[in-house]
Amino acid sequence: MSNTLIPESQPYLIVVHCVDTEGPLGGNARRNPDGSKEFFDNWKDIKFSLNEITSNVFRKTHSDSLGNPYVYNWFIMDFTGFKTNPKNRVAQYHDTLDQIKSLQTNQDGFYWHYHLPPANGVGDQWSDTWLTSNECNNILARRLIQRHSFPEAFRAGGTIEDNPASHWLEHAVLLDYSNRVSERSYPDADLFRFNWYGAPKHWGSYNPNHKNFLEKGEMKRYVYRCIDLKSRYNDLTQSHLDECFETIKQTKQNLVLSYFSHDNRDMRTETYDSFSLIKKASEKHEIPWVISKADEAHRLYHNLDNEIIDLRFEAKDNIINISTDSEPFQSTPFTAIELHNGEIFRVYTEKTGKNKWTLKIPDSIKTLGIAVTSMSGNNTILVKDL
């Protein structure tokens, strides 16, 4: 099931603390009413604040009902694919991932946060459609080839999604923690307050509809509710906790309470406060809570075994044959190549049979990367020099 200790004979609350991990934010970034900085504009300040709440001391003294140490879920953004950079972000692949990995974060989950470049490329604007950029493929191809990593879970920048995004994700990333719906959601919100009005308010997951991702349907991917831990738009409250624990009492079923922070805001106070809120509510309702990584939460919530897909390939005469021992979530394995000239990009395989695909490769290929995900949220990754 999971490496996380879980109650054996009673339902429990599964807590997933997501962090939109974007790195320094300066330049023309919004400021507090008194003119002071709202965001950290350098890695030194970000890492100083995070060192406190990623330390082993913090994790052990802020453990869940069963003594599992506190864990975070870092949804990593690369600020790439833009033409301008008015907020002075670090515009470099892997910088944010490498910086967070340098902290005491080995026990945490690492996933993907994506700010979609708009058609005009302006670095502090939102895009209203997934179709304005192919940078999603560039980022994941590089992360696979250069960091041997591929995300089991995703969070949308600004929580902004549309149907093209939903259909792209259906063939790439199993878990989506972007559903921001709450009692404060309202119809026709602009892009800066995209609030998932009309989406399921259930504390858990749903499979989206092919025609409208905000509605339940028959797609394979899972969308989890995840609200702001504390922001000017929303926050986690005592009523949310009471709702969760009362629902567990009534249904005798586990729930997933997920909320999100930002690394470039000072997360310390809100993290201490949320822990206290959850602990007190758990004791009040006499129902345990378990802290979890995003993919483990999926397995715990749906009572899934750890299915690990066996992934293999064979290269011969500029043809690569790929096979798996069971059907992955993706309709085709996510595949990327690096050429000898340093270019890295995603390529698409052709299905040749059940759990079999083929790929024609150029003579100039240096490295091949392949990733698949099981329906239980476990990745299998192969990266090989050819």
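Predicted model: local features only at pLDDT ≥ 70, side-chain atom pairs only at ≥ 80, totals over all residues.
Start with the fold as a whole. The secondary structure of the chain amounts to eight helices and 18 strands. The radius of gyration is 21 Å, close to the 21 Å from the globule rule for 386 residues, so the chain is as compact as a globular protein of that length.

Next, the packing. Of the 386 residues in the chain, 56% are buried. Take the contacts between residues at least 6 apart in sequence: 70% of them join residues at least 24 apart.

Now the surface and the charges. The chain has an accessible surface of about 16,700 Å². Carbon and sulfur atoms account for 47% of that area. The chain carries 44 positive and 51 negative charges. Their mean positions lie 1 Å apart.

Thr 96 sits in helix H3, which covers residues 95-101. Its relative accessibility is 5%, and buried means under 20%, so Thr 96 counts as buried. What surrounds Thr 96? Setting aside neighbours within four places in sequence, Thr 96 is in contact with Thr 21, Glu 22 and Gly 23, and also with Trp 43, Ile 76 and Met 77.

Move on to Arg 299. This residue belongs to helix H8, residues 294-302. Arg 299 is a charged residue by the count used here, yet it is buried, with a relative accessible area of 4%. Two polar partners can be named. The side chain of Asp 295 makes a polar contact of 3.0 Å with the side chain of Arg 299. A polar atom of the Arg 299 side chain also lies 3.4 Å from the backbone oxygen of Gly 377.

The last stop is Ile 361. Ile 361 is in a loop, between strand E16 (356-360) and strand E17 (365-373). Not counting residues up to four places away in sequence, Ile 361 touches Asn 318, Ile 319, Ile 320 and Leu 386. For a sense of distance, compare Ile 361 with Asp 78. The two are 283 residues apart in sequence. In space they are 27 Å apart, C-alpha to C-alpha.

Note on methods:
Residues numbered from 1 in each chain as written. Heavy atoms only, no water. Helix = DSSP H or I, 4+ residues; strand = E, 2+ residues; numbered from the N terminus. Rg over C-alpha atoms; globule rule 2.2 N^0.38 Å. Buried < 20%, exposed > 50% of the residue type's maximum accessible area, 1.4 Å probe, protein only. Contact = heavy atoms within 4.5 Å. Areas by Shrake-Rupley, 256 points an atom, 1.4 Å probe, with all protein chains shown as cover. Charge placed at Lys NZ, Arg CZ, Asp CG, Glu CD. Polar contact = N/O pair within 3.5 Å; in protein donor to acceptor, adjacent residues only side chain to side chain.
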